[in-house]
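Have a look at the structure first, then read on.

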Amino acid sequence: MEVQIISRESIKPSSPTPLDLKTHKLCLLDQFRNNVYAPRVLYYPLNQDDLSSAIDIDHIVSKRLQLLKQSLSETLVRFYPLAGKLTNNFSVDCNDEGVYFVEAVAKCLLNELLIQPGPNLINKLFPVDGSQQRGQVAGAHVAKVQVTSFACGGLVICACISHTFGDGTSFSSFMKAWAATARNKTSEEEATYTCPNYDASSLFLPNEDDLFHQLRAISNASYTRFFETGRFVTRRFVFDAEAIVELKDKAKSSRVQNPTRIEALSAILSRSIMAVLNKKSSSHRPTLLSHAVNLRTKARPPLSEYLIGNIVWPTNALCTEEEVDLDGLVWLLREAISKFDGDFVKNLQGVGGLIELSEAIKHEAEASSDAKNRIMFSSWCTFGSYGIDFGWGKPIWVSYVGLDGSILELSPVVILMDTRFGDGIEAWVSLLEEDMALLEVDKNLLEFATIDPSPLKLAKQQ
């Protein structure tokens, strides 16, 4: 698939940011995040009902591109930090320089991409090259967007924000607000998420004393010690509704009588990936299973869904057993997540926040020292991405980008995403190429999952 870059520009807020808002302070939890861009890709076909003899495809695409730019500019008035740049002192310079915006053209039909959309193709839709994906913080754009039009009139919107600035929930609030602005909707519900909450740094107080820098170094060491260097690839393991029901039933136990679909899928994927890693080493290797937990919902009362920032922290479950059943893995996960309760979130707030966080970081470091491998999980299943409508319908598919065999330093990563109708889950699994070759033939996993099915096929299933 050939993709040609047509233009690169900065989309600025439609009105200037007030002087008293020119510096956005990152919160304590943000301060532990690296500058990594986590993209979401939305695929919009051209509805044939939109065509008439008087309006051609080029005209429709041109109008939609203009609408995207104008509505983005208006949205940035409220999401003004996204139009700024990161600094070295844990803040965003809200200088109104704008969102980095790329306009591109793919010389094929959208359906031709969707027949078999591998990471090598999807990466061409991503406005961040490899050298920028994990890079210097100072001067980096907070947000980047690429809109790629196809010969059939379909559009693909790939947007991302720096993880230093915010998490997936923050990003979803922005995308929903942008879409609502494009549709010119002002309903009460939509008015809520078009008004972001920037109180995170007042709740989770930023800190730059010696203890903070020590803890940041410990946390980073716990994360990177499991990195391996090699060719990493990504595959989609898709679980339909029937498979998820069966997995949840298998994962039941007296200790967990109602496993969630995320718990059940995390369990089977953990078991299969651990088996691959153990086979490679010819011995049992204790594995740390890490899940990103949204702390907004753990607070009592819950924090606002529209609170902007990295209101997440990884929970860690150490699996030391060589043979473990699904129900045992579900129990490990639930036990680990239960430690992130209302008291934990409350204690993270205020002047004692760093002390509370130090306990979680020390626990992670101790668990890491006992483990030989680590698998990182992140669920995007509650983000509502399939409801993002800019005025021409909802996306036919929403994807991650994935890895295409480039040489990287990384550890296994699993991202869980809803399928189009919300009843299935796509697991985007990234592993070393030789490990993936073993996972792809795991009979226990393939009993429930299909590897890399066409999104066109998934779109027809309801």
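1. Start with Ser 71. Leaving out neighbours within four places in sequence, its contacts are Trp 178, Thr 181 and Ala 182. Bear in mind that this is a predicted model. Ser 71 sits in helix 1, which covers residues 57–75. Buried or exposed, Ser 71? With a relative accessible area of 1%, Ser 71 counts as buried. The Ser 71 side chain also comes to 3.2 Å from the backbone oxygen of Leu 68.

2. The largest core takes in 95 residues, and Tyr 43, Phe 204, Leu 295 and Phe 390 have the most contacts inside it. Take Leu 295: with neighbours within four places in sequence set aside, Leu 295 is in contact with Leu 29, Ile 311, Val 312, Trp 313, Phe 340, Phe 344, Val 345 and Leu 348.

3. Strand 7 (residues 143–150) deserves a look. Why call strand 7 largely enclosed by the rest of the structure? Because 8 of its 8 residues are buried. That holds for both faces: Ala 143, Val 145, Val 147 and Ser 149 point one way, Lys 144, Gln 146, Thr 148 and Phe 150 point the other way, and all are buried. Note that Lys 144 and Gln 146 are on that buried list.

4. Now the partners of strand 7. With strand 6 (residues 99–106) the pairing is parallel, over 7 bridges, and Phe 101 has Val 145 as its bridge partner. Strands 7 and 8 make a hairpin with 4 residues between them. In that turn, Gly 153 has a positive phi of about 100°.

5. There is also an open sheet of 3 strands, in the order 2-5-4, paired antiparallel. Its edges are strand 2 (23–25) and strand 4 (85–86), each pairing on one side only. Strand 4 is joined to strand 5 (residues 91–93) by 2 bridges, and Leu 86 stands opposite Val 92.

6. Trp 397 belongs to strand 13 (residues 397–399) and is buried, at a relative accessible area of 1%. Not counting residues up to four places away in sequence, Trp 397 touches Val 41, Leu 42, Tyr 43, Leu 114, Pro 117, Ile 122, Arg 236, Tyr 386, Glu 426, Trp 428 and Pro 455. With one of these, Glu 426, there is a side-chain to side-chain polar contact at 2.9 Å. Tyr 43, another residue on the Trp 397 list, is among those with the most contacts in the largest core.

7. How many cavities of 30 Å³ or more does a search of the whole structure find? It finds 2. The largest holds about 50 Å³ and is lined by Glu 263, Ser 266, Ala 267, Ser 270, Leu 289, His 291, Ala 317, Leu 329, Val 330 and Leu 333. Helix 10 (261–281), strand 10 (287–294) and helix 11 (326–338) each give two or more residues to that lining. The largest share, 4 residues, is from helix 10.

8. Finally, some backbone geometry to check by eye. Most residues other than glycine have a negative phi, and most peptide bonds are trans. Arg 300 and Pro 301 are joined by a cis peptide bond, with omega about -5°; Pro 301 is in the loop between strand 10 and strand 11 (312–319). Asp 96 has a positive phi of about 60° without being a glycine. Asp 96 lies in the loop between strand 5 and strand 6 and is buried, with a relative accessible area of 12%. Asp 452 has a positive phi too, near 50°, and is in the loop between strand 17 (449–451) and helix 16 (455–460).

Key
Residues numbered from 1 in each chain as written. Predicted model: local features only at pLDDT ≥ 70, side-chain atom pairs only at ≥ 80, totals over all residues. Heavy atoms only, no water. Core = buried A, V, L, I, M, F, W, Y, C linked by side-chain atoms within 4.5 Å. Buried < 20%, exposed > 50% of the residue type's maximum accessible area, 1.4 Å probe, protein only. Contact = heavy atoms within 4.5 Å. Pairing = 2+ DSSP bridges. Polar contact = N/O pair within 3.5 Å; in protein donor to acceptor, adjacent residues only side chain to side chain. 1 Å grid on protein atoms, 1.4 Å probe; cavity = no way out; pocket = protein on both sides within 12 Å on 5 of 7 lines; lining within 4 Å. Points joined across faces, edges and corners; volume = space filled by probe spheres on them.
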